[in-house]
Every structure is written in structure tokens, then in C-alpha cells.
Amino acid sequence: MNQEEIKQLIPHRDAMLLVEDLTRTEEGEAVGHYHVRGDEFFLQGHFPGNPIVPGVILCEMVAQSAAALFGEDLAGKTPVYTGIREVKFRMQVKPGDTVEMRCRLERVKKPFYFISGGAYVNGKLAMEGAFSFAAI
């Protein structure tokens, strides 16, 4: 699905829509992509002369990619973080990198959703963790 289709699932818009395309695999995994251009708001002061995508932004990219796992369950609702656990950052993500986000639904206890996921650059793990949020 493209960004216009993603906007039908989640309320995020420019400049916080951090998924450019999204698919759901036959194995039940959501896979999204985002190309870091270098002019994003979160790079402007992080860090001058050495821009690095903040870890919390990588977490947000994975969470937004989870939208493909819920489809209509999120329609008209706002997904908000309720927890971030066991997050590890393995490498820096910089302008010019294309981030591939992969996540999987671990369990649901409505309105709460629990996912695990990671962000990859060129097949290498940049970030991984477990996330929970509520659809309200």
C-alpha cells in the first residue's frame, strides 16, 4: 500500500508520517519502508554536521508500520504508545539510508496491541524492540 492508503489506516500526516509503503507478508509480518532524505525536522539538530536519525523516530517508524497488521481495527481511532520495552540500537541510521521496518503482532487485548519489531538498513539490524499501544 502507498502513503495515501496508509493514511486511511492511521491519523499521521506530514511531517510525522514515517512510512512510505507498507505490505503484509503471508507469514503475518508487516513490512514498511522509509527513505531518509536528510531534510527531515528530526535531523535539524540531531546532530549538526553529523545527522543521525533519533532512536525514538526509529521506534515510531516500526509502530506506524504495524498499521498493516490491524487494518479496519484502527479506522477512526488514534493509536497511542503505552509501552516500549527491550529496545536496542545496533547501528546509526543516516541521510541516504532506506529503513525497512518489520513487525509482527504478538498479542491483542483490546484496546491494547503488542508488537515486536525492528528497523533494518541494507539487511542489517539497526533497532529492535517490543512495543505496545492502545487504539482509542
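## Cysteines

A residue counts as buried when its relative accessible area is under 20%. In this predicted model, Cys-59 falls in that class because its relative accessible area is 3%. Cys-103 is buried too, at 1%.

Most peptide bonds are trans, and most residues other than glycine have a negative phi. Here are some exceptions. His-46 and Phe-47 are joined by a cis peptide bond, with omega about 0°; Phe-47 sits in the loop between β2 (29–35) and α2 (55–65). Another cis bond runs from Lys-110 to Pro-111, this one with omega near 15°. Pro-111 belongs to the loop between β4 (98–109) and β5 (112–121).

Then there's positive phi. Glu-86 isn't a glycine, yet its phi is near 50°. Glu-86 is part of strand β3 (residues 79–89) and is exposed, at 62% relative accessibility. Asn-122 has a phi of about 55°, again positive and again not a glycine. Asn-122 is in the loop between β5 and β6, and its relative accessible area of 72% makes it exposed.

## Around Ser-132

Is Ser-132 buried or exposed? With 7% relative accessibility, Ser-132 is buried. Ser-132 is in strand β6 (residues 124–135). Setting aside neighbours within four places in sequence, its contacts are Val-80, Tyr-81, Thr-82, Gly-83, Tyr-113 and Phe-114.

Key
Residues are numbered from 1 along each chain as its sequence is written. This is a predicted model: local features need pLDDT of at least 70, side-chain atom pairs count only at pLDDT 80 or more; totals for chains, interfaces and linings use all residues. Side-chain values use heavy atoms; hydrogens and water are left out. Buried means under 20% relative accessible area, exposed over 50%, partly exposed in between (1.4 Å probe, protein chains only). Helices (H or I, at least four residues) and strands (E, at least two) are DSSP runs, numbered from the N terminus. Contact means heavy atoms within 4.5 Å.
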